[in-house]
Amino acid sequence: MEERGKKIIEACLQEKSKNPIEIFCNIAKQDFIRIHGPEHHILDGAALLTAFYNAGGKIDLKEYLDELMRRGLQMPGATCGMWGVCGAVSSMGAALSIIDGTGPLSADSSWGKHMEFTSKALAGLAQVGGPRCCKRDAFISFQKAVEHINENYDLKLESGHIECEFSDRNEQCISERCPFYKKGTM
């Protein structure tokens, strides 16, 4: 997993987009990213950090990506089904905490705002239901993360219309139940 994480970081450092979904899709198409897997616990937050940086966020991108990878490697696969918390949401929550320097003892508003983001993202996932889909869960989480960042930071991330390009690779694709399903892909 660590090798995949390093490849994700290398790929992020080449991206110039302010759209975390675009960054995510560019990297998710690479052969080192599986359709489902714990690499999303790094990729999803890394795409968010990269878009934040590209939109003018004053962060040390390489340092923050390394920290996100360290945190992402601590999360086991299948947290969605085994723990009830999606790794995409956790990864993006970790990215926000890294941006703000938030920790368990933080008394400023960032602690609560991150909880607000993750609760909204998890509610979005719950509305669609299972089974797991790391791409769908990432897309829903990105929508909530872009809203959160655009409302709470002095910069604007891009998002746009999302159509899944991964349906044909997902044996558990829920097709029309998915808000991102692109008809004719399966």
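We'll go through helix packing and then the core.

Tutor: A quick note: this is a predicted model, where local features need pLDDT of at least 70, side-chain atom pairs count only at pLDDT 80 or more, and totals for chains, interfaces and linings use all residues. Residues are numbered from 1 along each chain as its sequence is written, and side-chain values use heavy atoms, leaving out hydrogens and water.

Student: At what angle do helix 2 and helix 8 pack?

Tutor: Two packed helices are described by the angle between their axes and the distance between the axes. Here, helix 2 (residues 20-28) and helix 8 (residues 134-152) pack at about 155°, with axes 10 Å apart. They are therefore roughly antiparallel (over 145 degrees).

Student: Which residues make that contact?

Tutor: Contact means heavy atoms within 4.5 Å. Helix 2 brings P20, I21, F24, C25 and A28, and helix 8 brings K135, A138, F139, F142 and V146.

Student: And how do helix 3 and helix 8 cross?

Tutor: Their axes come within 11 Å and cross at roughly 30°. That makes helix 3 roughly parallel to helix 8 (under 35 degrees).

Student: Which residues have the most contacts inside the largest nonpolar core?

Tutor: In soluble globular proteins, nonpolar side chains tend to be buried together. The core in question has 59 residues, and F24, L49 and F139 have the most contacts inside it. A nonpolar core is a set of buried (under 20% relative accessible area, 1.4 Å probe, protein chains only) Ala, Val, Leu, Ile, Met, Phe, Trp, Tyr and Cys residues joined through side-chain atoms within 4.5 Å. F24 touches residues including H40, L43, F139 and F142, not counting residues up to four places away in sequence.

Methods. Axes are lines fitted to C-alpha atoms, for helices over the stretch in contact, and angles run from 0 to 180 degrees between N-to-C directions. Helices (H or I, at least four residues) and strands (E, at least two) are DSSP runs, numbered from the N terminus. Angles under 35 degrees count as roughly parallel, over 145 as roughly antiparallel, 65 to 115 as roughly perpendicular and the rest as oblique. Buried means under 20% relative accessible area, exposed over 50%, partly exposed in between (1.4 Å probe, protein chains only).
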